[in-house]
Amino acid sequence: MKLQPFLLHQSRWLLLVLLTLVAITITAYTSILRPLSDINWLDSLGEGGLTLMTLIWIAVTLLTRPKGLVTNLLFAGLSAMYVSMLWDFLDEMVVFTPHYLTSFEAIPACFGMVLMSISAYYWYKEQSIFNQTLMKKERFYRDHSMTDFVTGLYSVEYMQNQVRHEQSRLANGNSPFCLTLFDICDFAAYSRQHGMQKSNQLLRDIADMLSLSMRESDLLCRFAADKFVVVHPQTNHVQAQAFANRAAEFIARHANYDDGENQPQYSAVRWSCIEVDDKHCEFEPLIAALVNELNQTKVAAA
Amino acid sequence: MSYFECQTKQLASRYFALPIVELASQRGVHADVILKGSKLFYTDLHANPTRISYEQFETIVSNLISQTSCQEVSFIYGQYLLNTLISHHAELLFNCHNIQQLLKVLLLKGLDILPFYHIRKLQTETSCHLLFSPAIAEGKPAVTRFLCEAMASLCCGYLKWRSPETTLTLQFPYTKPKQVAQYLSHIHLAYSFDHSDFAVVMSNQALAQQQIGTFPYLVARQLKALPPPQRGFLAQLHRLQLKYPKYHSEQIAEIMGMSAATFKRKLKLHQTTFINEKDRLHRQQAMFYVAEQGYSNEQVATALQFSDITNFRRAFKRWTGLTPSYFRKI
């Protein structure tokens, strides 16, 4: 079993156990057991289920979220609700003495819900910041099943939908759009020399640099292997070539440091670009033309 | 003559299990998901001499392909094998003077290096066809595709590295997949789909293409240094079927040292039948005669020792779904 997710929020897990023990201890000191005939089993089952579900929510929150304000608020809110649920459940099994203690059951849940509402607000803020970072990597539509795990960009299938979308805009009289394909020079040799993990890191770095070099209206996706593809809506060939040139210059200046060494390594990209003004052209011939043009650039460079 | 079966633990986990698990974990898929049903644990894979069976390999690969984030892993895995497994045999392979010699070495010792497929070489006056047949067991279609993609990527990487001038054509035994971007990016050689076998086709001139920086005199020594070959079950069967084309399954069973019933059971375990494998070999040869050599039906029927042409035509239809004359037209 992997311990890492548990170690991240170690103190919160301990707090949860402590909270449960304290809640049970308080109940034990202030109550007596109900006679079996007095227990409403269906009600106990329902309230037990609520307690369990709240516990599962807490576990999922701790297992999936990083440390931070939103996590703390969510944890605090859910824990308070959990204590209320637990007392409510135990109330079915025991009778509180003095009896008025029963009235306090719902107080933690009330506080918990307030905390959760505050966390929802901060969560929304957090999400808006993420949306900001996704600006050049996503357009109009979110579908995380189409992302490439290594670079965090959308895959070529997502690009296909977007190209179709742009083509339908062509039909409405929009000006042509451009597709640019970037390819990392000598990636195979880099991969051989530095291994898979380091080459994945290079892919991520180049993806970041490409996305920095694009306009907000452009969309960058992972093509395959060491290739990336950008769609420039309403852009002519000359403009797109200028963007690609600037991006290539930017990447060529980036110093990449090997582990434990201070010698910088430089990587370069080459690119090919096509302007699309045919609204009926299929996606596959388009990308085949892009790859073909790129291969010709490669041959010319060699 | 030794051979191993799909349940024999013959494949080194450091080449055939560990990298697949690692590549998946780099794409956010936990090792337990990839190893599910293989009766292997992640910690087992790290123990050095661990070997796995073909069945376990197939389970691992099937689990991998079901993950959407791992679609390109087959190609990356091919490159990984190039940098590890193939480079492990660098002294032998990299020193072959030209492609012709490399091919000879592969025909002799290929199964020691990559045990999944064995190669059958068919040659005309102008071109050389290398047909790949499964060497251990008949694979599931998805696993076959994974292995073909890995081999294609391996082949491209090797040629780019050691013999960049060589051009050849890859033929894939399945219809064109949706992820065509992967093929466009990873495969720089010509390729086509919808073939009967995974095949590599090159002109006879390409065979003379030299590799970079070779010391050919090292090859012979390295060839001797390799242990005697360990063939998979199907590779052994194909070998015997080619050597004794007239033998029945009972006779082949006897040569392989088992009873006819055991032989039949083992064939079933390897997802095939005796006739199926015999048909495969006949089909490869017949299609080659018809498509590449331009033989007439009479000539093919005679060459394959059929009693008459009608029988041959019927058999050809059974193997390929097409009559020989229709096959010639397309």
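Glu72(B) forms a salt bridge with Arg222(A), in which the closest N and O atoms lie 3.2 Å apart; a salt bridge is here a side-chain nitrogen of Lys or Arg within 4 Å of a carboxyl oxygen of Asp or Glu. The model is predicted, so that local features need pLDDT of at least 70 and side-chain atom pairs count only at pLDDT 80 or more, whereas totals for chains, interfaces and linings use all residues. Residues are numbered from 1 along each chain as its sequence is written, chains are lettered from A and ligands numbered from 1 in the order in which they are written, and side-chain values use heavy atoms, with hydrogens and water left out.

Between chain B and chain A the count is 2 salt bridges. The contact (heavy atoms within 4.5 Å) takes 19 residues from chain B and 18 residues from chain A. The area buried between the two chains, that is, the accessible area (1.4 Å probe) lost on putting them together, summed over both, is about 1,700 Å², with 60% given by carbon and sulfur atoms. On the side of chain B, Gln26(B), Leu184(B) and Ser185(B) supply 31% of the area buried against chain A, more than any other three residues.

Within chain B, the domain assignment, which comes from an automatic or database source, gives domain 1 (1–70), domain 2 (72–230) and domain 3 (244–329). The C-alpha centres of domain 2 and domain 3 of chain B are 25 Å apart, and 14 residues of domain 2 are in contact with 13 residues of domain 3. These two domains of chain B bury about 1,200 Å² between them, 49% of it on carbon and sulfur atoms. In domain 2 of chain B, the residues that lose the most area to domain 3 are Arg120(B), Leu122(B) and Glu138(B), together 41% of what that side buries. Across this interface of domain 2 and domain 3 of chain B, 2 salt bridges are found.

The structure holds 1 cavity of 30 Å³ or more, a cavity being a set of points on a 1 Å grid over the protein atoms alone where a 1.4 Å probe fits but cannot get out, with lining residues having an atom within 4 Å of a point. About 60 Å³ of space lies in the largest cavity, the volume being the space filled by probe spheres set on the points, which are joined across faces, edges and corners. Its lining includes Tyr77(B), Leu114(B), Phe116(B) and Met151(B).

Notes: 1 Å grid on protein atoms, 1.4 Å probe; cavity = no way out; pocket = protein on both sides within 12 Å on 5 of 7 lines; lining within 4 Å.
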